Amino acid sequence: MRFKWADSHPLMAEYHDAEWGIESHDETYLYEMLVLEGMQAGLSWLTILKKREGIRQALNQFDYEIIAKYGEDDFNRLMHTDTMIKNKLKINSIIINAQKFIEVQQEFGSFDRYIWSFTNFEPVITYFEDESLVPTDNELSQRISKDLKRRGFKFVGPVIIYGFLSAIGVIQDRLK
């Protein structure tokens, strides 16, 4: 059964049907979704989806190895890019998180292995009677948020991480 939010706009429907809740193990996509979920803080997901392609272009196709080396000129360029969310803390977090993403890869072999290890490499599937009962965070997102913060990641609060885990299919909320 489809969530009502997916019917609010064609971009939301496309995202719901083609990406959301589908297991992903692609490192670049994992980084992309971590960035986009962080950029969404305080905004609607539709705003992010509308800007997504422009953000992708501004961020070297979400190539975290390039982004990890961004300097002041890159930061300033992003702050003046029309398609970016012009928030200094969010843009700074994109660069910091790329660096931390690589550190996690070095420690665990991949970010994918790190993030999926929290659930023993299995998705967490939960069925709800009504869309209004789906939480915005849970014990898992709180635990991962705490660990990411400990590792130096930014814009990774429990609600952002719940959205991230849902986006990449670790959490799969479904309607009965």
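**Close-ups of a helix pair and some salt bridges**

**View 1. H2 passes H9 in a right-handed crossing (the near helix is turned clockwise from the far one by less than a right angle).** This is a predicted model, where local features need pLDDT of at least 70, side-chain atom pairs count only at pLDDT 80 or more, and totals for chains, interfaces and linings use all residues. Residues are numbered from 1 along each chain as its sequence is written, and side-chain values use heavy atoms, leaving out hydrogens and water. Helices here are DSSP runs (H or I, at least four residues), numbered from the N terminus. H2 (residues 27-40) and H9 (residues 158-167) pack at about 145°, axes 9 Å apart; axes are lines fitted to C-alpha atoms over the stretch in contact, with angles from 0 to 180 degrees between N-to-C directions. Touching residues (heavy atoms within 4.5 Å) include Leu-30 and Met-33 of H2 and Ile-161 and Phe-164 of H9.

**View 2. Arg-52 and Glu-32 join up in a salt bridge at 2.8 Å, N to O.** The term means a side-chain nitrogen of Lys or Arg within 4 Å of a carboxyl oxygen of Asp or Glu. Arg-52 sits in helix H3 (residues 45-58) and Glu-32 in H2, so the pair ties together parts 20 residues apart in sequence. Arg-52 is buried at 10% relative accessible area, and Glu-32 is buried at 5% (buried is under 20%, exposed over 50%, partly exposed in between; 1.4 Å probe, protein chains only).

**View 3. Arg-150 pairs with Asp-147 in a salt bridge, closest N and O 2.7 Å apart.** Arg-150 is exposed at 59%, whereas Asp-147 is buried at 15%.

Definitions and conventions: Helix = DSSP H or I, 4+ residues; strand = E, 2+ residues; numbered from the N terminus.
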